[in-house]
Amino acid sequence: MENTLLWLVILIPGWALSDGSETELDFTWHLSRIPQVVSEKTIHLASPTFQADAGVVKATVCGIECQEELPAPSLSQLEESLSYETIFENGTRTLTRVKVQGLVLEPTRNSSVKGAHPRRRRQVYGTDSRFSILDKRFATNFPFNTAVKLSTGCSGTLVSPNHVLTAAHCVHDGKDYVKGSKKLRVGVLKMRNKGGRKKRRGSKRSRREAESAGQSQAHLRESTTQRPGKKSRLGPRVTQGRPSFQWTRVKSTHIPKGWVRGENGGLALDYDYALLELKRAHKQQHMELGVSPTITKLPGGRIHFSGFDNDRDEQLVYRFCSVSEESNDLLYQYCDAEAGSTGSGIYLRLKEPGQKNWKRKIVAVYSGHQWVDVHGVQKDYNVAVRITPLKYAQICLWIHGNAANCAYG
C-alpha cells in the first residue's frame, strides 16, 4: 500500500492528497523579472576557529503576528543582510558587500497567510507519515537522487552539477563555523557496479578523501531487515547492486550576512540557507531553483522534500504535507521530520509556462523545528526558509558568478 501511494504522489502531475475532493488544477510556474544582487567589494577576514557544535540552532523566532507588525526593511538593510561570507577549504574567509538593483520597495508590512487545515504529525497515515526510499529505482533517480548528505549530519539538494543548497546552521551556528566544516564533504547516492565496487574516477588523493569520511560514509540498504550480530561503526555492509554514498570535498561555502550575527545579535531564521561549491561536479540531474509562490498556488497546499533523517539508519526519507501558515520569508508546516533532514530542499511540481510539461523546483530550505509565538501562545512548527526573489537572485549569483544569468525566476 505504501509503495502504491508513493507511486501516485510522484507520477501523477498536479494530483493532491487533500481532504478528499481536489484533482488537477491549473498550477503554473509564473516567471517574473528578478532584482539583481551585484557583488561590489570583497575584503579578507580572519580565519574562523571552527569550534561551534553541529546541530539544529534554536533561534528566537518572531511570531507570525509579530512579523505582521514589522516595517518593511530598507534597501540598505537588505544589502547588509544579502552581503555574504565565503569560507574556502584552506580555512581562508572573505566578506563580499553587495548592491541590489532593480528592486521596487513596497511600503507594506510583512504579511502572513493561513493555509489548509494542518495535518498534525502521526495522525493520518499511522504512526509515521514518512516514506523510506528503499527501492534503488527511486533512490538513484530524479527527483530523489538530488538529495545529498553532509558530513556535518545535515541534508542538502543538488541545484547544479557542482552546487548544493542547504541550511546555514549546518555549517555555521551564527557566531562560528561548526566543527568539521573546514573539511566538509557531501555524499551523493550512486549505484555500484556488478563487482560490488564503485567506478572510481579522479586522483588517488580524491579517493583517499572519499574514504576518510569515516562514520558518515554509511550505505543505504534496500530493506529494513537487519543481520543479527553487532553493527559495524561504518554502517551496514554494501552488497552487489545497492546504492552507496560517493563523497566529494567542498571547495567553498557561501553564507548570507543576515545569518552571521555579531556578539549581541540574534539569529535571523529568514537567512538560514547556504550554498556549497563542490570540488568535483556530479554527472546527474539536479533540481532548479524557483521563487516560492503563495500557499494558494501550491497544488493541494502541499510541499515535498527528501533527506537523511537520523532515526532511519542512513535511509533516504521522503515526505509531503500541507503548509499551515506562511509569512514573507517563512513557511510553517507539520511535515514529519527528524534531525538530519534539516537543510533539505523543499520543492513543488508545477506546469511550465505555455506547456503541458510539469517541472519540479526548489522553493524553500527546511530549517527545522522551532517554537513560535502565535497570538501570545507558544506553538511548535517545522519551519522552512522561502526562496524570495531577492534570495533567488543571491543564490543564482553564487551559482553563476554574475547577475547576468539571473534575470528571471
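**Entry 1. Residue A268**

I began with A268 and found this residue in the loop between β10 and β11 (274-278); strands here are DSSP runs of type E with at least two residues, helices are runs of H or I with at least four, and both are numbered from the N terminus. I note that this is a predicted model, in which local features need pLDDT of at least 70 and side-chain atom pairs count only at pLDDT 80 or more, while totals for chains, interfaces and linings use all residues. Residues are numbered from 1 along each chain as its sequence is written, and side-chain values use heavy atoms, with hydrogens and water left out.

The scale sets buried at under 20% relative accessible area, exposed at over 50% and partly exposed in between, with a 1.4 Å probe and protein chains only. Leaving aside residues up to four places away in sequence, I find that A268 touches G258 and W259; contact means heavy atoms within 4.5 Å. Between the C-alpha atoms of A268 and G258 I read 6.4 Å, although the two are ten residues apart along the chain.

Strands are taken as paired if DSSP finds at least two bridges between them. β2 pairs with β3 in the antiparallel sense over four bridges, and E85 stands opposite L95 in β3. The hairpin of β2 and β3 has four residues between the strands, and there G91 takes a positive phi near 95°. β2 also pairs with β10, again in the antiparallel sense, over five bridges; the partner of Y84 in β10 is P256.

**Entry 2. Disulfides**

How many disulfides does the structure hold? I count three, a disulfide being a pair of cysteine sulfur atoms within 2.5 Å.

- C154 is joined to C170, with 2.3 Å from S to S. C154 lies in the loop between β6 (147-150) and β7 (155-160) and C170 in the loop between β8 (163-166) and β9 (185-190), so the pair ties together parts that are 16 residues apart in sequence. The torsion about the S-S bond is about -95°, so this disulfide is left-handed. C154 and C170 are buried.
- C321 and C335 form a disulfide with sulfur atoms 2.1 Å apart. C321 lies in strand β14 (residues 317-326) and C335 in the loop between β15 (330-333) and β16 (345-351), so the link ties together parts that are 14 residues apart in sequence. With -100° about the S-S bond, the link of C321 and C335 is left-handed. C321 is buried at a relative accessible area of 1%, and C335 is buried at 0%.
- C396 and C406 form a disulfide with sulfur atoms 2.0 Å apart. C396 lies in helix α6 and C406 in the segment after α6, so the pair ties together parts that are ten residues apart in sequence. Both C396 and C406 are buried.

**Entry 3. Aromatic rings**

My search of the whole structure gave 14 aromatic pairs. Rings of Phe, Tyr and Trp (its six-membered ring) pair if their centres lie within 6.5 Å; planes under 30 degrees apart count as stacked, over 60 as edge-to-face and the rest as tilted. One of the pairs is F131 with F320, stacked at 6.3 Å centre to centre with 10° between the planes. F131 lies in strand β5 (residues 131-132) and F320 in strand β14, so the pair ties together parts that are 189 residues apart in sequence. Both F131 and F320 are buried.

I also looked up F245 and F308, an edge-to-face pair at 5.2 Å centre to centre with 65° between the planes.
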